[in-house]
Amino acid sequence: MRFFSALLASILGTLIALGLVLLFGFLLLFSLASLAERPPTVRAGSVLVVELGGNLPEVVSGDPLSRLLLDEPAYGLRDLTHALRKAAADHRIEAIWLRLRDLEAPWATLEEIRQALQEVKASGKMLIASCEDFGMDEADYFVASVADSVFAGPESLFEFNGLYLAAEFYKRLLDQLDVEAYVVRAGAFKSAGEPFVRERLSDENRLQLQALLDTYNQHFLASIAQARKLPIETLNRLATEQLLLTAEEAVAAGLLDGLRDAAQIQASLKTHLGYPNEDRLRQVSLTQYLRVPDREAGLATGNEGEIAVVYAVGTIVPGKSRTDPNPLFGGQFLGSETLAEALREARENNRVKAVVLRIHSPGGSAAASEAMWQAIRQTASVKPVIVSMGGLAASGGYWISTAADSIVADPLTITGSIGVIGILFNAQGLLENKIGITFDLLRTSPYADMFSGLVPPEPYELQRLEQAILATYRTFLQKVSEARGLPVDSVDALGGGRVWTGEAAHQVGLVDVLGGLDRAIEIAATKAGLAPGTYRVRTLPRPKTFAEQLLEHLEAQAARLELRTANTPGLSETYRTAFETLRLFHGQPLAWMLPEVRIR
């Protein structure tokens, strides 16, 4: 009987192994076939069709397997804006058609897209935007409004009812888990610890977030008013009193130019471009157009040097960068070692003449932020380093910015939040009451178990932690003072954890120039002595492929399994996830802005 069991197991194992080999062989062939695709043929009178929907990241790997298996977007922000500028120079592209489908991106990202579209429009190309039957909200319309004509599908929804911000709080979750949180902070507006100890916004936080929301709304209305030639007062009345919810109402209000489906838009484009009787619209998708060489499109390129764009995206942590699906604070983590290695590569490469550090980060570990600051400073001593702030470059994200030669921010970037917090979690209740693990602690001194997370902190321990947080805050202030040429007292008045838009930060001296990534690249090239069209752009660190992400995931799972087995036996998946998350932020100074502000 054992023989047959062993034989069956052997056969089953062989079949599984064979299946995996065939699967990876298929994926490899698919990947090679995708990479071997030739650039498309772009005919005169072509329309560049830009599908804008879902998440638009800062940068993508371009790996076909990542797109197929991980649902990675086909392009990132830089790909999109560069393709639009390429289309503006390409005489074969005579029109651009934006097809919007619930675009999700920070407002600073939307502003960069809008600026690129305005350049296309200024080149004389026809620009059309539509949402068809998908409907359109404020974010979609903010991008679409720059077009010559904006259409929606019959019976589609059109949301024009103002912006809102929803702040998340985790105190009740911690109560259910039987976990206590103790927060100390430097700065009256430093609100990163509030979600752990409150259920509502503090007065200071409510004040700064409402100001931020009002600024975004004013910018939104002013942009729409300019694009659609409508008074701001009229737009404000539409949003606050009439509550536009249908495309028909938007047409009547002058916000849309008509109701058309895709077939009608194609027919009108063919007529405008002079071939109404052809069966098909001469169109090329953005993903296809990305493969068209710059020179073929008429965009000047050169080989005199390179500008390295180093991406600093995610919550700042020590060690390596990684992606974590954690439901609480999961997402991208920016590792100090990974960023330092990317900067070293840019610093030591003789082809790279200048560096643009693209930051989209809420900050995180103060120690890791300082390690990154040192790596940036070392690079800036050799080559020009220009910071380009994305949607969010706050707290630790601003800390690392101070090491650069110059800071460029979008008017809608969320930045500042110059402040520090410390959090201690007491998981005694979670372990004892929810899991059934008890501890009997032995100490060599009264405060030896301060960071154990197994007992509530004593008042003196919180006092000492507060002193450490204040010392870190003073270091933060000093760095900003030296970088911005401002007295420490003035920086403290601008800091205190308060967040600023890029435009406001520029007015108070925390930012040098307003603009997007391309503006930062232009400044870097000028500082490096490179004329327009004489250099190339290199992306660092190279985004991970599917195979690299899979290996990283398997290694992380193995490490977690080892940690769980050693430290938390019998811990259910729900409690284990919470436990591991809290460990990331327990007992260390944090230059961190939580939660990420999402304005919709």
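Student: What is the bridge partner of Val 310 in E14?

Tutor: The partner is Leu 357. The model is a predicted one, in which local features need pLDDT of at least 70 and side-chain atom pairs count only at pLDDT 80 or more, while totals for chains, interfaces and linings use all residues. Residues are numbered from 1 along each chain as its sequence is written, and side-chain values use heavy atoms, with hydrogens and water left out.

Student: What makes E10 and strand E14 (residues 352-361) a pair?

Tutor: Two strands pair if DSSP finds at least two bridges between them. E10 and E14 are joined by eight bridges and run parallel. Strand E22 (residues 536-540) also pairs with E10 in the parallel sense, over five bridges; there, Val 537 is the partner of Ile 307.

Student: Why is H14 called roughly parallel to H15?

Tutor: Helix H14 (residues 336-348) and helix H15 (residues 366-380) pack at an angle of about 0°, with their axes 9 Å apart. Angles under 35 degrees count as roughly parallel, over 145 as roughly antiparallel, 65 to 115 as roughly perpendicular and the rest as oblique. H14 is therefore roughly parallel to H15.

Student: How do you know that Asp 518 forms a salt bridge with Arg 78?

Tutor: A salt bridge requires a side-chain nitrogen of Lys or Arg within 4 Å of a carboxyl oxygen of Asp or Glu. The closest N and O atoms of Asp 518 and Arg 78 are 2.4 Å apart, so the pair meets that criterion. The two residues are 440 residues apart, Asp 518 in helix H21 (residues 517-527) and Arg 78 in helix H3 (residues 77-89).

Student: Are Asp 518 and Arg 78 buried or exposed?

Tutor: Asp 518 is buried because its relative accessible area is 14%, and Arg 78, at 17%, counts as buried too.

Student: Why does Asp 257 count as partly exposed?

Tutor: Its relative accessibility is 37%, so Asp 257 counts as partly exposed. Asp 257 forms a salt bridge with Arg 228, the closest N and O atoms being 3.0 Å apart, and Arg 228 is buried at 14%.

How values were computed
Helices (H or I, at least four residues) and strands (E, at least two) are DSSP runs, numbered from the N terminus. Axes are lines fitted to C-alpha atoms, for helices over the stretch in contact, and angles run from 0 to 180 degrees between N-to-C directions. Buried means under 20% relative accessible area, exposed over 50%, partly exposed in between (1.4 Å probe, protein chains only).
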